[in-house]
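These are my notes from an afternoon of looking things up in one protein structure. I wrote down each item as I checked it.

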Amino acid sequence: MGKRPFESLRILAAQVLREERRAAQPAGRQERAGIVRLADFLLDEAIACGASDLHLEPQAGELRLRVRCDGLLGGAGRLPLVLMPPLVSRLKVMAGMDIAQQQRPQDGHIHYRDDIDLRVSSLPAAHGEVLVLRLLRGRQQGLALGELGFSENHLAGLRRLIHRPAGLVVLCGPVNSGKTSTLYAALSELNDDAHNLVTLEDPVERLLPGINQVEIHEKAGLTFLAGLKAILRQDVTGILLGEIRDEETAAMAVRIALTGHLLMTTLHTEDTVSAIYRFLEMGVPAYLLAATLSGVVAQRLVRRICPACRRWQEVPAGSREAALLQEAWRPGIKLACGTGCAACGGTGYRGRTVVSEVLLIDEELRAGILQQWPRAKLRRLAVSKGLASLWQDGRQKALQGITSLSEVRRVLYGDGSALS
């Protein structure tokens, strides 16, 4: 097996600790080479192992390091607590944050490489400041919808939604489910001289050439609501609204879609039908929602089985996997698993893909929204029209050897007890 991430952390930490002890003056504004090396090492290792987040968490007597890789948070090592103040100060300086202010949360940004940006968040805690660094890759690169992992029919449905000249398109799912990446990919597909595309984001996560991206600045009065009102005077054809957070913004978004604009946004709901009722709960009139909503896409990210160590195994009758496959099981059917190798760090998984649910709103569904049918009734209608659930899409990807049933169950249901 190759070099493990953060493998030389202990050696480097010991060297830096010796340098700090030999220093003539205590750690302060003057940054020492050892702390700079340590900070760069942590960032480089996080990038090298494909992490999406790096956590620095002061505990009683030590600084705990953790990284999130392929959606899972795991330990990366420990550092002596004495290194925490100068290390945190170094990262805050890189992020343009106030190192003298340690009693309130702060946000910052690091442009580390041409293709790497980092969002930095600090939070005062019992043993010191907790830092979480979000790694954003490919800041100047467009994303392609076809490369995100959507099933063929779901990809076709999503493309139908974004290529309509007007209407409200909603992506829903929890935090870190890939919603923003999907919206960026949709914008990239629409990006040409015939479209004037504008985004309202908090913050701008990736720069997209040819698209006018606006970052929310609430202290300056640039809120989502104020930004939406200003955008209407910009002759736009498509709007990306990073997130709907309150009733006023929801109402404004729906009214903008009603005026003949394409508006794409996100909501934190579990599935497609739940997004409809979230709008109603936020006070959006049913007649406006029925008139403007084009479709809803729910998504999650599941880990891909490592192609280097993928193996196929037959699923015996009566097994747990056979029960999970339900009507899809048949004698001789096989599922894939990863046995673990150097390429995937022994996990059996490498990279992630999308599991999705795509709801296209037609006239019958609009009538159901207008009449405010119960949620279960509206979902039964959607299923009768071919709506495939997140679980069904994940199961199909497991049958194709892209992911595993256990991974889909973990992401959707935790312990799997809620399967239905």
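Entry 1: What is the order of the strands in the open sheet of seven strands? I am working on a predicted model. I read the order as 9-8-10-11-7-12-15, and the pairing is mixed. I then looked for the edges and found strand 9 (212-215) and strand 15 (349-360), each of which pairs on one side only. Neighbouring strands of this sheet are turned by 20° against each other on average, with direction ignored.

I picked one pair of neighbours to look at. Strand 8 and strand 10 pair in the parallel sense, over four bridges. Val198 stands opposite Ile239 in strand 10.

**Entry 2: helices on the sheet.** Next I checked helix 5 (residues 179-190), which packs on the sheet. I list its contacts as strand 7 (167-172), strand 8, strand 9, strand 10, strand 11 and strand 12 (293-305). The direction of helix 5 makes about 165° with that of strand 11. I also looked at helix 13, which lies across strand 12 and strand 15 and runs at about 140° to strand 15.

**Entry 3: helix 6.** Which residues of helix 6 (residues 224-231) are buried? I noted Phe224, Leu225, Gly227, Leu228 and Ile231. Seen down the axis of helix 6, these residues fall within an arc of 165°, so they line one face of the helix. I then asked what covers them, and the cover includes strand 8 (197-201), strand 10 (238-241), helix 7 (247-258) and strand 11 (262-267).

**Entry 4: aromatic pairs.** I counted two aromatic pairs. Phe6 and Phe41 form an edge-to-face pair, with 6.4 Å centre to centre and 80° between the planes. Phe6 lies in the segment before helix 1 (9-22) and Phe41 in helix 2 (residues 33-48), so this pair ties together parts that are 35 residues apart in sequence. Both Phe6 and Phe41 are buried.

In the pair of Trp391 and Tyr413, the ring centres are 6.1 Å apart and the planes are at 55°, so I wrote it down as tilted. Trp391 belongs to helix 13 (residues 390-399) and Tyr413 to helix 14 (residues 405-413), so the pair ties together parts 22 residues apart in sequence. Trp391 is buried, at a relative accessible area of 4%, whereas Tyr413 is partly exposed, at 23%.

**Entry 5: charges over rings.** Last, I looked at charged side chains over rings. Arg303 lies over the face of Tyr349, 4.0 Å from the ring centre. Lys377 lies over the face of Trp373, 4.2 Å from the ring centre.

Conventions. Residues are numbered from 1 along each chain as its sequence is written. This is a predicted model: local features need pLDDT of at least 70, side-chain atom pairs count only at pLDDT 80 or more; totals for chains, interfaces and linings use all residues. Side-chain values use heavy atoms; hydrogens and water are left out. Rings of Phe, Tyr and Trp (its six-membered ring) pair if their centres lie within 6.5 Å; planes under 30 degrees apart count as stacked, over 60 as edge-to-face and the rest as tilted. Helices (H or I, at least four residues) and strands (E, at least two) are DSSP runs, numbered from the N terminus. Buried means under 20% relative accessible area, exposed over 50%, partly exposed in between (1.4 Å probe, protein chains only). A charge sits over a ring if NZ of Lys or CZ of Arg is within 6 Å of the ring centre and within 35 degrees of the ring normal. The arc is that of the directions from the helix axis to the C-beta atoms. Contact means heavy atoms within 4.5 Å. Two strands pair if DSSP finds at least two bridges between them. Axes are lines fitted to C-alpha atoms, for helices over the stretch in contact, and angles run from 0 to 180 degrees between N-to-C directions.
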